Amino acid sequence: MKRINTPLTKIEIERLNVGERVLLSGIIYTARDQAHKRLIEAINKNKKIPIDLKGQIIYYCGPTVTPRGRAIGSCGPTTSSRMDEFTPALLKKGILAMIGKGRRSRQAIRAIKRYQAVYFLTYAGCGALLSKYVKKNEPVAYQDLGPEAIYKLEVKDFPLIVGIDTKGRSIYD
Amino acid sequence: MKIVTADKIRNAVAELCIRANLVLRKDVLSGLKATYSRETKRRAKDILRAIINNAYIARKEKLAICQDTGLPVVFLEIGQEVKITGDLRRAINKGVEGGYRRGYLRNSIISNPLFRGRPGYSPAVIHTEIVRGNRLKITVLPKGFGCENKTQLKMFNPTAKISEIEKFIVDLVESAGPDACPPYIVGVGIGGTADYACFLAKRALLKRVARRTLHVARRIGKLEQELLRKINKLNIGPMGLGGKATCLGVNIETYPTHIAGLPVAVNISCHALRSATKTL
């Protein structure tokens, strides 16, 4: 199986093909509904956003509370399509990849192709299993949102499937 | 007359919240294993293995099966000879809060649906039924919202054919596709009023999945099997990436209804169908 590390390069991403299984190591950022809404509001108002999105990977995830003595609690993906409307603006800001579950809108797929990004799937409903691949976890923005805050995760061999590649090919088509 | 204190209810609810979220129901786990052995596609098998493995890890390491620890739906069957001392509603919500905190579960409840706000642990949605006897049966069903978002209600004409109802249910599962985390368990409520059909669809999820014996009403049992067969032909599969394992079971609950109507509600559960029950 192919192993990739962050920061991802454009060349590495171009080589990923839809349906391919990949293990990812490095840094990813969680963000889901409310974090997306806030990021987009800030971007639209030309305000500074709390993290530099350039070259980053966004994971659609709201983890449970972290149990004592662990890096993170259960932390599987949430439904990606709810983030579709925000995706083009974040791609424009330079994100290179997203991790989630399920289909994306046609508009989101077009934007992924246009910005030469990639959309990964990971095991849906397997938050306990996925927590094993997370080594570090710290909240970095919007902490008042609780599970919907942005968390910076350090992952090792996090299992992914390429859902949409840079050519705009979707695994669901 | 039997006296049950609010404290006892609070403790039971807390325990049930933790158990439901950490220990996958036996019937669901065996349903997953059976579907794993039937599945032929490699990718589908690989995902099912991860799902089963996830349940073992959750149980062993005391982690939530899914990070979406749901909106806790609490079903109470209160025997008419039971006397509850103290504040019942408060006891339930305190139990939920205590259990969710103690189990390191997720605070997914916002106090206002329109204006949102900071997420917390409660309140639960509570369904109360008064039944015969002197027992109090409590069931906690933490319902994840990936699948809850796919719920539908349709008020059919009373002259509708069974095949139209089947089509409504199968089409709904098809449109849910990968989004609600297949393989699914499909709860169906037929009859009553609009609200009651929705309640029945939810309560149907508490029934055993993939029962070997047919529904007590044979015709309903056959309908369940027929729906399961049709849904598993949709080739949605685990994560919606194709395969036979689209649905582990269809559970139908019915209730008498009005001459002018035929309400049908469908409530899908993801593969992590969680619930736990205790009788006091």
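1. Helix α4 of chain A, which covers residues 106-114, has as its buried residues A108(A), I109(A), A111(A) and I112(A). When one looks down the axis of α4(A), these buried residues fall within an arc of 160 degrees, so they line one face of the helix. The face turned away from that buried side carries the exposed residues R106(A) and Q107(A). As the model is a predicted one, this description, like the points that follow, concerns a prediction.

2. Against what do the buried residues of α4(A) pack? They pack against three elements of chain A, namely α3 (87-92), β5 (118-121) and β7 (150-164). Just after α4(A), the residue Q116(A) takes a positive phi of about 55 degrees, which is a detail of the backbone that the student may wish to find in the structure.

3. Of its 15 residues, 11 are buried, so β7(A) is largely enclosed by the rest of the structure. Here a residue is counted as buried if 20 or more other C-beta atoms lie within 10 Å of its own.

4. Several strands of chain A pair with β7(A), and they may be taken in turn. Strand β2 of chain A (residues 21-30) runs antiparallel to β7(A) and is joined to it by 8 bridges, with L24(A) standing opposite F158(A). Strand β6 of chain A (residues 134-141) is likewise paired with β7(A) in the antiparallel sense, over 6 bridges, and in this pair A141(A) stands opposite I150(A). The pairing of β5(A) with β7(A) is also antiparallel and extends over 3 bridges, where F120(A) stands opposite V162(A).

5. Turning to chain B, one finds an open sheet of 4 strands in the order β4-β2-β5-β10, with mixed pairing. Its edge strands are β4 (125-131) and β10 (276-279) of chain B, each of which pairs on one side only, and the twist averages 15 degrees from one strand to the next. Within this sheet, β2(B) and β4(B) are paired in the parallel sense over 7 bridges, and E77(B) stands opposite E129(B) in β4(B). Helix α1 of chain B (residues 6-22) packs on the sheet, where it touches β2, β5 and β10 of chain B, and its direction makes about 40 degrees with that of β5(B).

6. The domain assignment of chain B gives domain 1, made up of 2-24 + 65-143, and domain 2, which is 146-273. The C-alpha centres of these two domains of chain B lie 25 Å apart. Where they meet, 10 residues of domain 1 of chain B are in contact with 8 residues of domain 2 of chain B. On the domain 1 side, β2 (71-79) and β5 (136-143) of chain B each supply at least two residues, and β5(B) gives the most, with 3 residues. By class, that side of domain 1 of chain B has 6 nonpolar, 2 polar and 2 charged residues.

Technical notes
Residues are numbered from 1 along each chain as its sequence is written. Chains are lettered from A and ligands numbered from 1 in the order in which they are written. This is a predicted model: local features need pLDDT of at least 70, side-chain atom pairs count only at pLDDT 80 or more; totals for chains, interfaces and linings use all residues. Domain bounds come from an automatic or database domain assignment. Two residues are in contact if their C-beta atoms, placed from the backbone, lie within 7 Å. Ala, Val, Leu, Ile, Met, Phe, Trp, Tyr, Cys and Pro count as nonpolar, Asp, Glu, Lys and Arg as charged, and the others, Gly among them, as polar. A residue is buried if 20 or more other C-beta atoms lie within 10 Å of its own, exposed if 12 or fewer, and partly exposed in between; C-beta atoms are placed from the backbone. The arc is that of the directions from the helix axis to the C-beta atoms. Two strands pair if DSSP finds at least two bridges between them. Axes are lines fitted to C-alpha atoms, for helices over the stretch in contact, and angles run from 0 to 180 degrees between N-to-C directions.
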